[in-house]
Amino acid sequence: MKSVVYKKLGETIYFEKLANGLEVFVLPKNGFQKTIATFTTKYGSVDNNFSPLGEDYPTQFPNGIAHFLEHKMFESEEGDVFRTFAEQGASANAFTSFTRTAYTVSATSDINKNLTTLLDFVQDPYFTDETVDKEKGIIEQEIKMYDDNPDWRARFGILENMYTNHPVKIDIGGTISSINQITKEDLYSCYNTFYHPNNMLFFVIGPVIPEEIISLIRNNQEQKTFRESEEIHRISPDEDAKVNKKSSIMKLPVQTPKVFIGYKEPNPIRQGKELLKYELSLNVLLELMFGNSSEAYEKMYDNGYLDGTFTFDYTNEKDFGFSVIGGNSQEPEEVIKIVNETIVGFKKQPLKKEDAQRAIKKEIGTFLSAINSPQFIANQFTRYRFNGMDLFDVLPTLENLTEKDLEEVLHLHFCEESRTTLIVKGE
């Protein structure tokens, strides 16, 4: 077992890579009541084209299969795993993102028993033709529910504008048509390929003793047999910096129109410290240009162009990235105009040091507030780790950012060929 001390944050994290390849991290939090654990695999909705275990050629799997598999994992031969956790005084949950599937348990007692249950059910898949068919009806209802959510539809509408071939533009849950193509054999193929310990990470945070937790997990894994790990061959689609559509209009049942301006990351190949610095710079830039104290925001708000739904965010993974700016607006064309003018204006002149530092300090404050939440740390730690980053490097990286760093990213990301707009109007 090794450890890393983060003096500024007053944290020490303990970790060990087990013989089967599983990475285990423990962050003790004395004074907290609840312990949270996540068991995560580096497998998400975009991983729909890959060479299955033991095969030399790639297979295109139905869209939404990673999310479908997440649902099915909670059903064991003995029954519903949720019920088992409830009987043990714990709550369980799971989510599938573009690049990860995570299983979470939180509890204040019987920690060892609950951690063991989490390990065991994720490593013991049980699928039958009957249960797979039954799940299709459940997920079909979930897809319909999201289809009725204008914000969700708009999110994937702007991604469809950006991307020509990349599966990030496809709803994480898939479509009714695609999920009805999923078979028991498909699920086992995906599970066997991506749920090997060497492709997974186990993270625990709470009032625990690291040595005891790591020993528990090590002993659990040593009692199980795993095949030899193999390199996973994912097939990445060809995708250039140009957007698929420069603009589009979507008709949905909304009372107030919505507007979104998206920028597709032109060169999404960064990982590790380079990615961390880049994405933090972009977050600072978005705050500087469109935060509540910015000239652009005040202008749009004072003129009644937007309401409290106005947001901006940036997402970046290994082979895709994008920023999205927007929200509800009775004057969507005016919002597009001001956002564009703001970015062009920022690119024409050097950033003022005092403005840059003010935005950086705000991002630091946001981060320090977020890491007071064990749930935030549990959910985010793995995402950073899977991209070669360290969640606890966010603070020193932000502190060392300069206006020159921001200017470099400003010109790299906000390119005209990578820009698209989406307006949502009532039907």
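Modeller: Let us begin with contact, which means heavy atoms within 4.5 Å. Please bear in mind that this is a predicted model.

Biologist: Which residues of α9 meet α12?

Modeller: From α9, the residues are Asn 283, Val 284, Glu 287 and Leu 288. Their partners in α12 are Asp 355, Ala 356, Ala 359, Ile 360, Lys 362 and Glu 363. Sorted by class, this contact comprises 5 nonpolar, 1 polar and 4 charged residues.

Biologist: How are the axes of these two helices arranged?

Modeller: Angles of 65 to 115 degrees count as roughly perpendicular. The axes of α9 (residues 272-290) and α12 (residues 353-370) cross at roughly 115 degrees and come within 9 Å. The two helices are therefore roughly perpendicular to each other.

Biologist: What is the handedness of the crossing of α9 and α12?

Modeller: The crossing in which α9 passes α12 is right-handed.

Biologist: How should I read the pair α10 and α11, at what angle do their axes cross?

Modeller: An angle over 145 degrees counts as roughly antiparallel. For helix α10 (residues 295-302) and helix α11 (residues 332-348), the axes cross at roughly 165 degrees and come within 10 Å. Because of that angle, α10 is roughly antiparallel to α11. The crossing of α10 and α11 is right-handed.

Biologist: Which residues form the contact between α10 and α11?

Modeller: Ala 296, Lys 299 and Met 300 of α10 meet Val 335, Ile 338, Glu 341 and Thr 342 of α11. By class, the contact of α10 with α11 has 4 nonpolar, 1 polar and 2 charged residues.

Biologist: Let us turn to single residues. Is Thr 128 buried or exposed?

Modeller: A relative accessible area under 20% counts as buried. Thr 128 has 18%, so this residue is buried. Thr 128 sits in the loop between α3 (111-122) and α4 (129-147). Its side chain makes a polar contact of 2.9 Å with the side chain of Thr 131.

Biologist: What is the relative accessible area of His 233?

Modeller: The value is 43%, so His 233 is partly exposed. His 233 belongs to strand β12 (residues 233-234).

Biologist: Which residues does His 233 touch, not counting those up to four places away in sequence?

Modeller: With those set aside, His 233 touches Phe 50 and Ser 51. As for Tyr 384, 151 residues separate this residue from His 233 in sequence, and the C-alpha to C-alpha distance between them is 21 Å.

Technical notes
Residues are numbered from 1 along each chain as its sequence is written. This is a predicted model: local features need pLDDT of at least 70, side-chain atom pairs count only at pLDDT 80 or more; totals for chains, interfaces and linings use all residues. Side-chain values use heavy atoms; hydrogens and water are left out. Helices (H or I, at least four residues) and strands (E, at least two) are DSSP runs, numbered from the N terminus. Buried means under 20% relative accessible area, exposed over 50%, partly exposed in between (1.4 Å probe, protein chains only). A polar contact is a pair of N or O atoms within 3.5 Å; within protein, one must be able to donate a hydrogen and the other to accept it, and residues adjacent in sequence count only if both atoms are side-chain atoms. Axes are lines fitted to C-alpha atoms, for helices over the stretch in contact, and angles run from 0 to 180 degrees between N-to-C directions. Angles under 35 degrees count as roughly parallel, over 145 as roughly antiparallel, 65 to 115 as roughly perpendicular and the rest as oblique. A crossing is left-handed if the near helix is turned anticlockwise from the far one by less than a right angle, and right-handed if clockwise. Ala, Val, Leu, Ile, Met, Phe, Trp, Tyr, Cys and Pro count as nonpolar, Asp, Glu, Lys and Arg as charged, and the others, Gly among them, as polar.
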